[in-house]
Amino acid sequence: MNKRFLSLLMLLIITAPLFAQVDRSKMPGPGPAPEIKIGDYKSFELENGLKVFVVENDNLPRISIQLTLDRDPIFEGENVGYINAAGQLMRTGTANKTKDQLDEAIDFIGASLSTSSTGVFASGLSKQTEKIMELMSEVVLTPNFTQDELDKIKKQMISGIQSQKDDPNAIMGNVRPALIYGKDHPYGELMTEENVESITLEMCNEYYKNYFRPNIGFMAIVGDIDFDDAKDLVEDYFGSWVKAEVPTNEVKASRAPLIRKVALVDRSSSVQSIVDVAYPVKLEIGSDDAIVASLLNMIFGGSFSGRLNLNLREDKGYTYGARSSLSPDEYIADFSASTSVRNAVTDSTVDQILEEMKKIRTEGVTQDELSAAQKLLTGSFGRSLEQPQTVANFAINIARYGLDKDYYKNYLKRLNSVTVEEVNKAAKKFIKPNNAFVIVVGNADEVAEGLKKFSVSGKLDYYDNFANEVDPAAKALPAGVTIESVIDNYINAIGGRDAVSKVNDLTMEMKGTVQGMEVTVKISRKAPNKYYFNLDVGGGMMTQIQKFDGEEALMSGMGQNKNLEGDDLESMKTSSIVNAFLDFASYGITPELVGMETVAGKNAYKVVLNLPNGKKSTEYYDTETGFKVKEIQVTSSPQGDQTISVEYSDYKEVDGVMYAHTIAQQVGPMNINMTVSNIEVNKGLEDALFEVE
Amino acid sequence: MKLKSLVALFLFIAVGLSNAQMKEIEFEEYDLDNGMHVILYQDNTTPIVTVSVQYHVGSKNEKADRTGFAHFFEHLMFEGSEYIERGKYFDIVQRNGGTLNAFTSFDQTYYYETLPSNQLELALWLESERMLHLKIDSTGVETQRKVVKEERSQRYDNQPYGSWQEEMFKRAFTKHPYNWTPIGSAQYIDEAKISEFMDFYKMYYNPNNAVLTVAGDIDKAESKKMIEEYFGDIKNNDVEIVRPDVVEPAKTEEVRHVVYDNIQLPGVIMGYSIPAQGTDDYYALSMLNTLLATGQSSRMYKELVDNSQTAVSAGSFPIALEDPGLIVIFGIANMGVEIDNLEAAIQKEIDKVKNEMISDKEFEKLRNQTESSYVSNFFSVSGIAQNLAQYHTFFGDANLINTEIERYMDVTKEDIQRVAQEYLKDTNRVVLHYLPKSAEAN
């Protein structure tokens, strides 16, 4: 054989110069177009209603059998996952075989057999056709669900949920449908650990009984087999499958949002943001719109050469790839434009996606773009026919979705007759930059700020991995952190228990400005709980003094004196304690570690102090430095409850203990920033300073 | 005795049938006088044609301070040529009804287009243009630098366990350039000068380092004429092609490493050094892999995932490489399972293969599974094209596409036990433990 080619090669060498030089500067044109033929299939229906489609193809000594059940989508509610579990249980044993025996039987003949809640797929060498058919029949007709196997599946499901917590694509996969379809929709509900725990064997058995019925079944048999043999086998192995009425469900419509919303899932370890601009659309399989929409999508972002990828990858270098999708669905379809980009260009990316959406709506597409998209889809249709499975899928789609029997025969003709006007009309109908969810899974600290501008309301909606709306500041606590460790860290950070215990009295002077006026504050404290506070605004324009001598409290200013009573006095008793954190319990204070939040861009442990008077105050401790960085108190005032928030920073040492030297206080809308100018410790303050007459 | 001969008979029938039923892949091959190898395969069933060019260059041809170079170069090959405008390569193929892609591995860089069969000339023009006239300019290089960094982030850095390949290879290979993976390091690409790309092109994209495969709905005579027209005048640069001749020294002790990653479930990944693809032992190891990891009755799946539920997934795969490579055995723990228990459970399965002879029945199953999966090489003309090129380049015999199954069938169950004992030794492996980042703090 090789010798023959050697001589051919010689011939080529000798004759090569005789070939006309090709003109490389011109792109070669196509030869005569080959005919694209859709292969033949044959079909029949069993008495029990099972519809069977056979595609004979002896290119390879293989056979594949696919069973698809056509049922309405089901809303699972509190038991999300039971349908999936039932689908998996189908593969875990039959009346005659344990799972081990079933696995062994399938693998022994080199076959594969997989199940889902809406079907079974088996394939292998064609010499094993009957054995494969027999195994498939056993699985479909006489499955045996056991508690043992269900428990295994549930455990795997829960592990799966856990492992997804760190997979940004899985997070997007959960959150996206929940937002665009709604969690109350079969397409939008997602599975939690609680859902999985609630799944019972009864639910799974009930599902099998209701839905594994031949009258909603389509079977495709493809490969090296004769139609007559296939028919005999199906009759033998699936003829006894009993038909029954199958429950139907109404599927609720999902609507695109009235205004554009921005949803952010914080994944602090992300080096890339996953961005998806998405919303539901109504686009039915086999509808007139479906083919036009497929061309529109191809031009917009359906391929490497789509506008989206050319812009974001080839022009800007933001991403490895960007794509859009707009595929029809029997119930409710969706549009999606998605990509993964580095954190720094997240907002620019969203901006470009929305701009491209606006542009295709307002400016439409060109004839050149349309022709290219038509060629691309014609080519992909032609290539798909290489796999005989495609012919079977076409036949099933025609039967399942009630398409015209020549739908696929006429597909290319219809595809290539679509006009620019039709695509432009579809763009206005399906591309909705103002009614979209902009969904981002990424590092909130780095990307949140830039995303606000895309939200019509100006606010970002934060979600957790399970599409629950969350407070953006809240974060999960790392393992091993306790209230004791947080307080101990704080004590160590400011100088250690010994140094802090030595503080008996303390005077602190601060300066700041409020609405343009200079403010001076002097605070003195003395152990165990004496307190003095002097506020001066505008150099004597206004003065306020508070005193607490351990028993009674007085507030004076603007010529008035007022003794504190009730709640206010009780609060004063605890808040005046010098360094209460050294021994909270002895003062009747119960601290509680409740979470982690961001304070001034850094993670901080959130601690709630339950005070003896039943009130609470909240403190935040930096996770890295250990310092207290923020405090929130709610006080009652004639105007109702008032929240006072104080942030501490710029810790500096004075006599062996660290004190915050910048104190930013916020009361309602008013911000007061104070700088500590002087601190004096253990100067032997007289009791008289604190005395209330 | 009688049972045994029955099994033997059955074996014979199984093999005999498969050979009888499989249609032989008939192909032709020859060299152009510039050294380019050509393989033609005709199958007129569907009116499509695949044109592929395989360059025998991968990450193992890179310098240690230019890792990622071959893969980066693959990106540049789509940038444009003398007669193809920048960024138009994809567009031209797609708007003529085709699809295309490329990949870079340790050993090769492979490009292909599949088009309607009346566009064969276009495909040949496209591939010949970039073999002859590639344009490398700073705009293209700058853009692709960014794109490749995002590719790395998306596929490796931002993915749970995404770093395993890098972590494994840098420990499993200390001398051989398999030390780094094809994605390489972005830093080195930033440092590379345009002239380095040109030198790389001249050496590795020379026609004598390429295999052109044309497969599908073709007329052979017409194809040959067009191939000569488009590729015949591409000059052979006659630069000596640099290939690594480093032999990775045999391991003498186990290497262990802990990686803290953004994951929830701990994972164990073990890499054992094994001989190159195409060697007798490689086939035995490949069958061993089937024993451990193919199908739900396979030993690792059955024991770790199904019975003990130690793992959510477990398995193994040999990495077929031109130079001696690795077989990777891994498990991802089920929730609440300690990593050491997971590793012990995996080890138990490895020890079992070493210590106990496989039963005839299980061996028979392996052979059936091997035969069945072998057929998947033939699913599409593009798959056949790729197989033909690889068999030619790495095995020196494209006809292995028809005969390689015999090499698998020559493996005995004694071979499987022997290679398990010989290669699955603790001293011959790298063990990676993947643990959640939260575990690092404690």
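Reader: What makes up domain 1, domain 2 and domain 3 of chain A?

Author: Domain 1 covers 42-164 + 191-238, domain 2 covers 261-388 + 401-463 and domain 3 covers 483-690 of chain A, with bounds that come from an automatic or database domain assignment. This is a predicted model, in which local features need pLDDT of at least 70, side-chain atom pairs count only at pLDDT 80 or more, and totals for chains, interfaces and linings use all residues. Residues are numbered from 1 along each chain as its sequence is written, while chains are lettered from A and ligands numbered from 1 in the order in which they are written.

Reader: Why do β1 and β4 of chain A stand at the edges of the sheet?

Author: The open sheet has six strands in the order β1-β2-β6-β3-β5-β4 (chain A), with mixed pairing. Strands, which are DSSP runs of E of at least two residues numbered from the N terminus, pair if DSSP finds at least two bridges between them. β1 (42-45) and β4 (112-116) of chain A each have a single partner strand, so one side of each is left without a neighbour in the sheet.

Reader: What makes β3 and β6 of chain A a pair?

Author: Seven bridges join β3 (residues 62-69) and β6 (residues 217-223) of chain A in the antiparallel sense, whereas at least two would be enough for pairing; A:I63, for instance, has A:G223 as its bridge partner in β6(A).

Reader: Which residues is A:V175 in contact with, leaving aside its neighbours within four places in sequence?

Author: A:V175 is in contact with A:A263, A:V265, A:I439, A:Y463 and A:A467, where contact requires C-beta atoms, placed from the backbone, to lie within 7 Å.

Methods. Two residues are in contact if their C-beta atoms, placed from the backbone, lie within 7 Å. Helices (H or I, at least four residues) and strands (E, at least two) are DSSP runs, numbered from the N terminus.
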